[in-house]
Amino acid sequence: MFDPFGRRIKHETRFNYDRIPAVVELCIQAGVELQEYPSRRRTEPIRMIGRKVVEMGGIVEEPPLCGSLGAELDTHSASGRFPPPPKEEVPAVARETLFAYERVKWGVRKLMRKYTVKACGYCSEVHVGPWGHNAKLCGEFKHQWRDGKHGWQDATVDEVFPPNYVWHVEDPTGPALTSGLKRFYGKAPAVVEVCVQAGASVPEKYKPMMRLDIVVPEDEEARLIA
């Protein structure tokens, strides 16, 4: 949004705004300058009484509007746009990716202490700003009763930067995971799992979640375990 404290996005005007990743929008509102997505800057703080803005603060001159970064921010077919790294560099890339993942998550947590982010209590919609938008896009439980409106509440870090947990595969070249042994398998965020399979060391905080200390039994042995 150009001005998070301006007019709220309505259902009829939702196509007038670009949809970008929540982390990018959070960084823009925190001060990152992207010519393609200008944001209104203020020289004085905004004063509010409840949810009513009583003083808008000093406004800096609006920057010119440039093109869109939509193509660069879109991850669809990203593997085709970027060549794979050489085989000997894969472990180093995995370690760098894992470090960057933790760094981004740490930064999002710090920014959310300063800037308000809202999340729908029914679906996965996220909005960066002091209050949510009015676009009627929610299709989850009993959305007909709410006319498709979102149920906004304060967001968590995992809602803004979702981890997307997946099953931990101890041997990627081994047999496939079976449903009967799922209670013995661990889980990890998808980025952590792919980095570990690529050669990165398992971070300490993910070891209990990935259940590395549990020996997965055979199908016949699982029936004998209490």
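**Loops, core and cysteines of a predicted model**

Lys142 lies in the loop between strand 4 (126–128) and strand 5 (152–154). Helices (H or I, at least four residues) and strands (E, at least two) are DSSP runs, numbered from the N terminus. The model is predicted: local features need pLDDT of at least 70, side-chain atom pairs count only at pLDDT 80 or more, and totals for chains, interfaces and linings use all residues. Residues are numbered from 1 along each chain as its sequence is written, and side-chain values use heavy atoms, with hydrogens and water left out.

Lys142 is not a glycine, yet its phi is positive, at about 55 degrees. Its relative accessibility is 36%, so Lys142 counts as partly exposed (buried is under 20% relative accessible area, exposed is over 50%, partly exposed is in between; 1.4 Å probe, protein chains only). Asp147 is also placed in the loop between strand 4 and strand 5. The phi of Asp147 is positive too, near 55 degrees, and Asp147 is a residue other than glycine. With a relative accessibility of 45%, Asp147 counts as partly exposed. Most residues other than glycine have a negative phi.

Helix 1 spans residues 22–29 and is mostly covered. Seven of its eight residues are buried. These are Ala22, Val23, Val24, Glu25, Leu26, Ile28 and Gln29. Gly31 follows helix 1 and has a positive phi, near 130 degrees.

The core has 23 residues (a nonpolar core is a set of buried Ala, Val, Leu, Ile, Met, Phe, Trp, Tyr and Cys residues joined through side-chain atoms within 4.5 Å). Inside the core, the residues with the most contacts are Val108, Met112, Val117, Val160 and Val192. Helix 4 gives the most, with five residues. Val108 illustrates the packing. Beyond its neighbours within four places in sequence, Val108 is in contact (heavy atoms within 4.5 Å) with Val23, Leu26, Val157 and Val160.

When residues up to four places away in sequence are not counted, Ala200 touches Ala94, Arg95, Leu98 and Cys195. Glu96 is 104 residues from Ala200 in sequence. In space, Ala200 and Glu96 are 8.8 Å apart, C-alpha to C-alpha.

Cys195, one of the residues touched by Ala200, is itself buried, with a relative accessible area of 3%. Cys120 is buried as well, at 2% relative accessibility. A search of the whole structure finds zero disulfides (a pair of cysteine sulfur atoms within 2.5 Å). For Cys120, the closest cysteine sulfur is in Cys123. The two sulfurs are 3.6 Å apart, which is too far for a bond.
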